[in-house]
Every structure is written in structure tokens, then in C-alpha cells.
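Reader: I'm new to looking inside proteins. Please bring up the model and take me through its inner spaces and ring pairs.

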Amino acid sequence: MTISPLALQETDTLASSEASVRDYIALLKPRVMSLVVFTGLVGIVVAPGHIHPLLACVAVLCIALASGASGAINMWYERDIDALMVRTRNRPLPRGRMAPEHALEFGIVILCASILLMGVAINWFAAGLLAFAAGFYVFVYTMWLKPRTPQNIVIGGAAGAFPPMIGWVAVTGQLDMPALVLFALIFFWTPPHFWALALYRNDDYARAGIPMLPVVAGERATKIQMLIYTLVLLPVSLAPTLMGFAGWLYGAVAGVLSVGFIAYAVAVFFDKNHAIAKGMFKCSLLYLTALFSALLVEKLIGW
């Protein structure tokens, strides 16, 4: 049966009329945005130098808007895939509550505005990094890597590692080694974080045809990779203290949490029903939040 262009236009009009403020907020992926905003804020606070509090708020706002806009464009592009997955099928586009072109326009406008504001109010180096991070997420990860290779998370995870680096550059105007270490911390954290999700959502990804590592290489290979990455995270997490731009308070927190993260990966390796993988996914969020919280607290109390 052929659907006429008029019918499609009527469907899009209906979807547009049903879209609510909550739907537009959902497009921004607020849960993902919260972690992005927090790590960007920590990058601003721990960077040497001074930035006016109002400008710091503007920088954080730009990071948040760019992250949300990238999420909106991601949802526009993956709306057919989202409709096949239990985890994502209730999003506004798969449920038909919003016309796809409106979601795309929403994302593009907010993204351009955030980059322009960052450049004008803060500096163009930070704005360039913001634009690169968003472009990497949309074009490299979403459109290229995710549907083609099981290494999508390994390479594409770089997009989520940019916020503390952008925050650092917003203050200093330059890219220093400590900023790269914060980038590396999130970069190496991302694969075990997402693979834990992929393990207990394996059927979802297989149904949608997304070549996540558990789908392509199997659970055992995935669990081995998760363990390797958590082992690498131990020295990376301790690097801020070893390099001298964080103190021993952070170092103690990082050491204890990283050993615990490794123990979780070992438990996942021997787990048969994915219950521990689900727990590790939630724990990984707390892990990264706690590490950056330790950096923040240490800086604020002048440790």
C-alpha cells in the first residue's frame, strides 16, 4: 500500500501539534546532559587562572546546549532504530509526537547558537572544540561508526570526553596536559560503561541491527575488553595526583573507586544472567561522578 504525500503531511502536522515542552526537553537527553555539564564545570573550576562567575555560567550553558542539541540530532537520525528498541521506543519521534524535521531544526538552531555564544562570550578556541565535539558525535559516531563497527563506543566515546577539556580551555585559552588527562579519564571509562549496558540490552541492539561488541564478538570477548579497560583506568585515574595537579584526597578516592570498578568487571566476567552488568552500568555513573566530585571538592577547599 502506498501512502500519499498528503497523508504524510497530515501525519507530520498531527505529530507537530502533539509535541509538548516535555518532548522537546526529552530530545536534549537531560540525563546524559547532566553528566556532560558536570564534567565541563569541573574542567572550568580546576583550570588555573580566573574566569568571571557569569562567564563561567555562560560556558557551562553553552556546553549543555551543545550536548542537548547533539542528542536531538542523534534522535532525529536514529528514529527508525529507536522504534525497534525497548529502551528508546517511547521517545518523542518513534511515538509520533513530533515531526522529524522539527527535531532536526531544533537541534541545529540550538547547536549553532551555543557555538556562537561560546565564541563571542568566552573564546573561539573553546567554541571550536565545542563544535568539533558536537560534529564528532553526530557525524563520526552516530552516522558512521555506530551502524558499522563494534568499536563504535571506543572511538565515538571521544565525543563525551571533550567537556572538561572545553571547560579548561574556556578559562585558560589553551590546551594543557591536565586537560588531556581529564579527557583520557572519560575516554577510557566510556567503553566498560556502555558495554555493561550493551550486555543486558543485547537483544535490543541485535533487533535494531546495531553491531555493538556483545552482538558481534559475543559476551565473553566483551567482558574481557571491559576488564582490560577498567585495568587501564586505574593508572589513568591516578594520573592527576601523580602529575601534581590534584592532591592525595583525590588520589585516595580514585584508587579505591578504580579498584572497586575492576572488582565489578571481574564479577561481570563470571556473571551468567547480566544482573551484575546492570549494576555495573549504574555503578559506572557513580564512579565517574565521584572522581570529578573529588577534583571539585579538593579545588574548592584548597587542598
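**Inside the model**

Reader: How many nonpolar, polar and charged residues are in the lining of the largest cavity?
Author: On a 1 Å grid over the protein atoms alone, a cavity is a set of points where a 1.4 Å probe fits but cannot get out, and lining residues have an atom within 4 Å of a point. Ala, Val, Leu, Ile, Met, Phe, Trp, Tyr, Cys and Pro count as nonpolar, Asp, Glu, Lys and Arg as charged, and the others, Gly among them, as polar. Here Y77, E78, I81, T142, K146, P147 and I210 form the lining. By class that gives 4 nonpolar, 1 polar and 2 charged residues.

Reader: What kind of model is this?
Author: Residues are numbered from 1 along each chain as its sequence is written, and side-chain values use heavy atoms, leaving out hydrogens and water. Local features need pLDDT of at least 70, side-chain atom pairs count only at pLDDT 80 or more, and totals for chains, interfaces and linings use all residues, since the model is predicted.

Reader: Are the rings of F183 and F187 stacked or edge-to-face?
Author: Rings of Phe, Tyr and Trp (its six-membered ring) pair if their centres lie within 6.5 Å; planes under 30 degrees apart count as stacked, over 60 as edge-to-face and the rest as tilted. That rule gives 13 aromatic pairs. For F183 and F187, the centres are 6.0 Å apart and the planes at 15 degrees, so the pair is stacked.

Reader: Where in the chain do W195 and Y229 lie?
Author: Their ring centres are 5.7 Å apart with planes at 75 degrees, so W195 and Y229 make an edge-to-face pair. This pair links distant parts of the chain, 34 residues apart. Both W195 and Y229 are buried. W195 lies in helix α10, and Y229 in helix α13, residues 219-243.

Key
1 Å grid on protein atoms, 1.4 Å probe; cavity = no way out; pocket = protein on both sides within 12 Å on 5 of 7 lines; lining within 4 Å. Helix = DSSP H or I, 4+ residues; strand = E, 2+ residues; numbered from the N terminus. Buried < 20%, exposed > 50% of the residue type's maximum accessible area, 1.4 Å probe, protein only.
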